[in-house]
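Hi,

Here's the structure I promised to pass along. Have a look, and my notes on what turned up are just below.

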Amino acid sequence: MTMKATLLLASMIALGSAASAETRIGMITTLSGGGASLGIDVRDGFLLALEQAGRDDIEMIIEDDERAPDVAVQLADRMIQAEDVDIMTGIIWSNLAMAVVPSVTAQDVFYLSPNAGPSQLAGRGCHPNYFNVAWQNDNLHEAAGAYANTAGYTNSFILAPNYPAGQDALSGYQRFYEGELAGELYTQLGQTDYAAEIAQIRASGADSVFFFLPGGMGISFLRQYADSGLDIPVIGPAFSFDQGILQAVGADALGVVNTSQWSPDLENEANVAFVSAFEEAYGRIPSLYASQGFDTANLILSALEVADPNEDPDAFREALRAADFASTRGEFTFGPNHHPIQDIYVREVVQDGEIFTNRLIGVALEDRGDAYADDCSM
C-alpha cells in the first residue's frame with residue numbers, strides 16, 4: 001500500500017470518531033491469511049468512493065473475519081447490537097455470507113454484498129434488505145460455459161472447491177455448456193497441492209478445463225498446471241484470473257480466457273475515472289473486487305441521498321433498488337431478488353509492459369439475471 005493509500009485508509013476509519021456521523025456502516029471482510037488480497041481490494045475500492053464523495057456523516061467500522069464463519073458471526077452480532085450499525089457489507093466468501101446475512105437481515109439491518117452471491121440467498125433465502133451488487137455466484141461460470149460452446153469444446157473437465165460458491169460454479173458452467181464432461185471434481189477449500197487433480201485431467205481425454213479456484217488456490221493450481229506440461233486449454237471466471245493472481249502466476253496465464261462483468265479496459269466514463277483514481281491512490285491496477293467495493297459504496301451513497309435507512313427504510317430500499325449511480329461495469333438493473341441483471345464479458349490474459357492484466361474480447365451473455373429469481377418470494 002502506498003503512503004497516500006495508508007493516509008486515505010486512516011482518514012476514513014477516523015470517521016468512526018466523528019460526532020457528526022449519521023450513518024454507520026459495518027464492513028466485515030478478509031484482511032489476513034489466504035484470500036486477504038480480495039478483502040483488501042473490496043475495502044480499498046469502497047473507501048475510495050467515500051473519499052471521493054467527501055462525506056463526513058458516515059462512520060466506517062472495519063473488521064477482519066479471518067475467513068472464519070464463527071468469527072464473522074461474532075463480529076456481525078457485535079456490530080449490530082453494540083455498535084448499532086445501519087448497513088453491513090464486505091464479505092468475500094459464500095460460506096461466511098450464509099452464516100452472517102440471514103441473521104443480519106432478520107435484525108432489520110441492510111446487507112449489501114460486494115462479492116459473495118450464493119444461490120440460497122438469491123432464491124428461497126432472498127430478503128428485502130439483502131442486495132448483491134456484484135453477481136449471483138453462478139453468473140460468471142454460466143458465461144464460461146456459453147463461451148466453451150462457441151470455442152467448440154465438447155469434453156470439459158471441471159473442478160472447484162467444495163463450498164457453496166464452488167458448488168454454484170460447477171452448476172453454473174453446466175447450465176449453459178452443451179458438451180460432455182471428461183470429469184468433475186470438488187477440491188478442498190484452501191487446498192494448495194493439485195498434483196492428483198492434474199493427473200486425473202491428464203488421463204481424462206478432456207479437450208478443455210474449467211476451474212474456479214479463487215485467491216491463493218488459483219495461484220497454486222495455475223503454477224502446477226503450467227509445470228505439468230499439459231496443453232489442454234483452460235477456461236475460468238475472473239476470480240481465478242484477477243490482478244493479484246496474474247502478477248503471482250505471470251506468463252503461465254497468458255492467453256487464458258476468463259469471464260467477468262467488469263474489466264479494467266471497459267470504456268465507460270465511470271470506469272475510466274475509477275481505474276485512474278484507484279491507481280493514483282493505491283499504486284496498482286484495480287481488481288474485480290476493488291470495482292465491486294467501489295460500486296457498493298456508490299450504491300449506498302446514491303440511496304442515502306434519497307432516504308435515511310433508519311428513518312425511512314422503505315424509501316431507502318427503493319433507492320437501492322433503483323441503482324441510480326454510474327457503475328464501473330456500465331448500465332445494470334436489479335432483478336426481483338435484488339441481484340444484478342447485466343452483461344457478462346469474455347476476457348483474455350495479456351501482458352502490458354511488466355504488468356499482466358485482462359483485455360476484453362467479447363460478450364458471453366447479455367442482460368443475464370440468474371437462475372434462482374423465480375424461487376424468491378419477494
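Keep in mind that this is a predicted model. Let's start with a salt bridge: glutamate 142 pairs with arginine 368, and their closest N and O atoms are 2.8 Å apart. Glutamate 142 sits in helix H6 and arginine 368 in strand E13, so this contact ties together parts that are 226 residues apart in sequence. Glutamate 142 is buried at 0% relative accessibility, and arginine 368 is buried as well, at 18%.

Other salt bridges link up: Asp41, Arg43, Asp44 and Arg284 form one network through shared partners. Within it, the side chains of aspartate 44 and arginine 43 meet at 3.0 Å, N to O. Aspartate 44 is buried, at 1% relative accessibility, and so is arginine 43, at 10%.

Arginine 78 and glutamate 63 make another bridge, at 2.5 Å. Here helix H3 carries the arginine and strand E2 the glutamate, so the pair connects parts 15 residues apart in sequence. Arginine 78 is partly exposed at 34%, and glutamate 63 is partly exposed at 24%. The structure holds 15 salt bridges.

On to the rings: there are 19 aromatic pairs. In one of them, phenylalanine 211 and phenylalanine 221 have ring centres 4.7 Å apart and planes at 45°, so the pair is tilted. Phenylalanine 211 is buried at 0%, as is phenylalanine 221, also at 0%. Ring pairs also join Trp93, Trp135, Tyr163, Phe212 and Phe239 into a cluster.

Last, the surface: Glu22, Asp56, Glu311 and Asp312 gather in a negatively charged patch. Glutamate 311 lies in the loop between helices H12 and H13 and is exposed, at 71%.

Cheers

Definitions and conventions:
Residues are numbered from 1 along each chain as its sequence is written. This is a predicted model: local features need pLDDT of at least 70, side-chain atom pairs count only at pLDDT 80 or more; totals for chains, interfaces and linings use all residues. Side-chain values use heavy atoms; hydrogens and water are left out. Patches are made of residues with over 30% relative accessible area and no salt bridge: like charges are joined within 9 Å, nonpolar side chains (Val, Leu, Ile, Met, Phe, Trp, Tyr) within 5 Å. Accessible areas come from the Shrake-Rupley method with a 1.4 Å probe; for residues, only the protein chains shown count as cover. A salt bridge is a side-chain nitrogen of Lys or Arg within 4 Å of a carboxyl oxygen of Asp or Glu. Lys and Arg count as positive and Asp and Glu as negative; His and the chain ends are not counted. The place of a charge is taken as NZ of Lys, CZ of Arg, CG of Asp or CD of Glu. Helices (H or I, at least four residues) and strands (E, at least two) are DSSP runs, numbered from the N terminus. Buried means under 20% relative accessible area, exposed over 50%, partly exposed in between (1.4 Å probe, protein chains only). Rings of Phe, Tyr and Trp (its six-membered ring) pair if their centres lie within 6.5 Å; planes under 30 degrees apart count as stacked, over 60 as edge-to-face and the rest as tilted.
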